[in-house]
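Here is my note on the model, written as numbered points. Keep the structure open and check each point as you read.

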Amino acid sequence: MALTTHPPLRLHARPPALAAAVHRPLRGIPPRRARLRLCRCASAGADAGKAQTQARRAYPYDEIEPRWQAHWEERRTFRTPDIGDGLDTSKPKCYILDMFPYPSGAGLHVGHPLGYTATDILSRFKRMQGFNVLHPMGWDAFGLPAEQYAIQTGTHPKITTARNIDRFRTQLKSLGFSYDWDREISTTEPTYYKWTQWIFLQLLKRGLAYQAEVPVNWCPALGTVLANEEVIDGVSERGGYPVIRKPMRQWMLRITSYADRLLEDLDDLDWPESIKEMQRNWIGRSEGAELEFCAVDQEGHDLGAILTVYTTRPDTIFGATYLVVAPEHVSLPSLTSEGQRVHVEEYTEVAARKSELERTELQKEKIGVFSGSYAKNPATGEIIPIWVADYVLASYGTGAIMAVPAHDSRDHEFALKYELPIIKVVSPPNGNCDLEEAYADDGIMINSSSSSSGLNINGMLSQDAALKVTDWVESNGFGKKKVNYKLRDWLFARQRYWGEPFPLIYLDDTNEMVPLSENELPLSLPELDDFTPTGTGEPPLTKATDWVKTTDLLTGRPATRETSTMPQWAGSCWYYLRFMDPKNSSTLVDKAKESYWGPVDIYVGGAEHSVLHLLYARFWHKVLYDIGVVSTKEPFKCLINQGLILGEVEYTAYRDNEGRWISADSGSSLADCYQEKVSADKITKVGDHYVLKDDPNIRLNARAYKMSKSRGNVINPDDVVSEYGADSLRLYEMFMGPLRDSKTWSTGGIEGVHRFLGRTWRLVVGAPLPDGSYKDGTVATDDKPTFEQLRVLHKCIARVSEEIQETRFNTAISAMMEFVNAAYKWDTQPKSVIDSFVLLLAPFAPHLAEELWFRLGHSQSLAYEQFPEAKDEYLKESEVVLPVQINGKTRGTILVDKECSEDDAFEKAASDEKLSKYLDGKGIKKRIYVPGRILNVILDQQKAMT
């Protein structure tokens, strides 16, 4: 569609609203910079002309950016047509997706656009390369934060969520991201969660959803069950409320049935190896054996109970000197002696307040309590004690272990603490055995035979011994070979209001669970005025009595709805599929659309989602693959984790109790000192360290922290866009460093890229007129470009193309900066060269590029113009720098043609001002010439003397 004309741009003092914004210091910007910005606005009594000059920016982004954002929105420039509605499926596709954002009330901070800018650059680049690009955006909007805010303020979470989404959407649009907003979705819309509920019904049909009594992290204050990752040191991550462990009947998803496939299919994914390894560790496949120990009393009398343990090292059975059961083990009450019952109950009560992550942390001190019972080691016949310790989890293996303190660090630490026997049964291959530490590797078996059991593995290698022990226990009925996983089934219920309702009812007379039929979907959330926790464990939905009490449509019998809701993970497990077909009311996703667009080609998001979100999404995708909904085994082909953007560097100094400065490297205990933040204008850098300007002997600590409201170091992108423009923010975040690395925000850095964009503007448009306005059009000419100009351009094209493809955006920007520097030295700016450069700039600074493209005389948006391609003829270096040696010592260099002859090279060296003094009047004995590499002139010393 042709572009409409618009009035000429004029640079003038900021409008009042912007001026007011500038007078307000940017959040997280040091006071010195804020004062600098204040100076840019004319203060009373200052020279008016000077004030106006200071108020001008590098280029008129505040006029350019809103105009092009409106243009894109009005013309739906980035809308991706559907199959059958104009999409040319003969073209290659590229599906580029950001991880689903949660729309919080705080809005975006400058860390959020990092990944979004990267995916936008890739999307714009691929469109210009002729790809059909799918680049959508939506909202993962169910969850605990909105519900907690609703409880605190009385505002319904639906209202809060809609307001937050509006804010996020406005902020994203202000940054010029090329999303197809026609495909926008939210997990809270019934038209969306209808299909989340449908997926749950498919899981239920296949036995992958079930109910079980499980120990959970229950937070009474939040009124919900929390995942292990949401509990830190016994309190909730959100709000810091106490959390206890208690058994509750919950819906579970049998993700363990897919453990092997989740593990094996990682090998084919283009993901960071560190992320794949984290998934492998979370799944935690191990091969070992289940061994049975008979419970006995102190005298060895059989108590009639069998304790089954799981071990990955059956070869070490002769070194098992005690057993350990988890505090939640179902057999613990029967194993506890009356004399120890009070101690065991006190211990289990304390353990119930810890999360599984806390309990298994290696650095934590291992503590436990004796159960009062014993067991017989089947290999040795020895009577060994049974202990209770929280470093053993009921959810892993059998909830009981055989402790081999000589060869396991946790068992070793525990045995030393409680003076339990330590017997070494594995010797290192080199025979050197440290008696002070556990030896956990393979080796040669020692002290591992028994005449009573008939088992002898002495002298065997560990792996061979493990096989022999496993065969022995199986043949004697003491156990069996077993494959185990750390991965647990997915706890899939939350006792809260703001989530997807389960499509289930329970018949009142029999309590039989009945799934809703698919034509009854969606089951919508009822409107509730009181969504506060009940405090009893009953979900808030129990208060919606008219909704809870229902009738089974098939039989007409009275029934009660499930009142738990699905976890926030549910909606984000499959959203990438709905983006392919967001308006379809009859099926989750059309087969033809899924077949064309799937899988996601590039998936970008934070490494904090490296395990759970990715694992759960992969699990659901594989289920959908098995039932024929999707055509690929994996949802995300390539994964990129962007790094964090940290707040500006903070400088901390120390004072003692008398107020004297203490240097950070003084060796004194800084723990007793007072910390004091020092502004950047009071410090200076000396070598690798920062010191006080007034006292260079006082060294400071300099550190950048993750942005957070509590630290007060959050930078609001709205402020940055107001001060520098969206293109400057986009460009700076890409220029800070490699996409995958963590980086530190610096306002000085964004000022640098803003100046670069200003130089680019003036290179094409020309200098401003005396009144601050710019003439229409550009200074580009119709002159035929020189070979050198084309060489500079095509070198830039080659570098930018390669660096975008490899997501090295910072070096792509460097290449464009080099081009602008070179172009400023030219006498003319040929339009054909400038056209190509503007297209290179477009993915990075789209607003500025669109404006320049229009001024260069083009009537169509550049969004779908062909991205420039480098031509080899201009990439070959025609000249080389040739080192010149005199008698083997380098004396200078000359610039010569690549195909330069020896005579021509020598003639050029002889005429060089610096080199000629070594050659004038000297005899030449020999010349050594390697074309393009070196010229070495050997002088004849005899002729030189005569």
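1. Start with one side chain. Tryptophan 387 is buried, with a relative accessible area of 11%. (Buried means under 20% relative accessible area, exposed over 50%, and partly exposed in between, using a 1.4 Å probe and protein chains only.) Phenylalanine 414 is buried too, at 0%.

2. A word on the source. This is a predicted model, in which local features need pLDDT of at least 70 and side-chain atom pairs count only at pLDDT 80 or more, while totals for chains, interfaces and linings use all residues. Residues are numbered from 1 along each chain as its sequence is written, and side-chain values use heavy atoms, with hydrogens and water left out.

3. Now the rings. How many aromatic pairs does the structure hold? There are 49. (Rings of Phe, Tyr and Trp, the last by its six-membered ring, pair if their centres lie within 6.5 Å; planes under 30 degrees apart count as stacked, over 60 as edge-to-face and the rest as tilted.) Tryptophan 387 and phenylalanine 414 form an edge-to-face pair, with 5.5 Å centre to centre and 90° between the planes. The partners are 27 residues apart and link distant parts of the chain: tryptophan 387 is in strand β12 (residues 383-389), phenylalanine 414 in helix α14 (residues 409-418). (Helices, H or I of at least four residues, and strands, E of at least two, are DSSP runs numbered from the N terminus.)

4. Tryptophan 490 and tryptophan 620 form a tilted pair, with 6.1 Å between centres and 45° between planes. Tryptophan 490 lies in strand β17 and tryptophan 620 in helix α20 (residues 612-626), so this pair ties together parts that are 130 residues apart in sequence. Both tryptophans are buried. They also belong to a cluster linked by ring pairs: Phe200, Trp251, Trp490, Phe492, Phe502, Trp569, Tyr616 and Trp620.

5. Two lysines deserve a look. The charged end of lysine 126 sits over the ring of phenylalanine 131, 4.5 Å from its centre. (A charge sits over a ring if NZ of Lys or CZ of Arg is within 6 Å of the ring centre and within 35 degrees of the ring normal.) Lysine 173 has its charged end over the ring of tryptophan 181, at 5.3 Å from the centre.

6. Turn to helix α7 (residues 157-174). It has 18 residues and reaches 26 Å from its first C-alpha to its last, close to the 26 Å expected at 1.5 Å a residue. (The expected span is 1.5 Å times one less than the number of residues.) Its buried residues include Pro157, Ile165, Phe168, Leu172 and Ser174. What covers the buried residues of α7? The cover includes α4 (61-75), α5 (113-128), α6 (144-153), α21 (717-724) and α22 (726-735). Glycine 176 follows the helix, with a positive phi near 75°.

7. Next, an open sheet. Four strands form it in the order β4-β3-β7-β17, with antiparallel pairing. The edge strands, β4 (224-226) and β17 (490-491), each pair on one side only. (Two strands pair if DSSP finds at least two bridges between them.) Strand β3 (residues 209-219) joins β4 over three bridges, in the antiparallel sense. Cysteine 219 has threonine 224 in β4 as its bridge partner.

8. Strand β21 has partners too. Strand β18 (residues 504-507) and β21 (residues 558-561) pair antiparallel over three bridges. Three bridges also join strand β20 (residues 549-551) to β21, and these run antiparallel. Alanine 559 in β21 stands opposite leucine 507 and is the bridge partner of threonine 550. The hairpin of β20 and β21 has six residues between the strands, and its glycine 556 takes a positive phi near 75°.

9. Check glutamate 277 in helix α10 (residues 273-283). Is glutamate 277 buried or partly exposed? It is partly exposed, with a relative accessible area of 37%. Its side chain makes a polar contact with the side chain of arginine 280, at 3.1 Å. (A polar contact is a pair of N or O atoms within 3.5 Å; within protein, one must be able to donate a hydrogen and the other to accept it, and residues adjacent in sequence count only if both atoms are side-chain atoms.)

10. Finally, the whole. The protein has 30 helices and 35 strands. Its C-alpha trace spans about 110 × 90 × 75 Å along the principal axes. Of its 946 residues, 53% are buried. Among contacts between residues at least 6 apart in sequence, 71% join residues at least 24 apart. (Contact means heavy atoms within 4.5 Å.)
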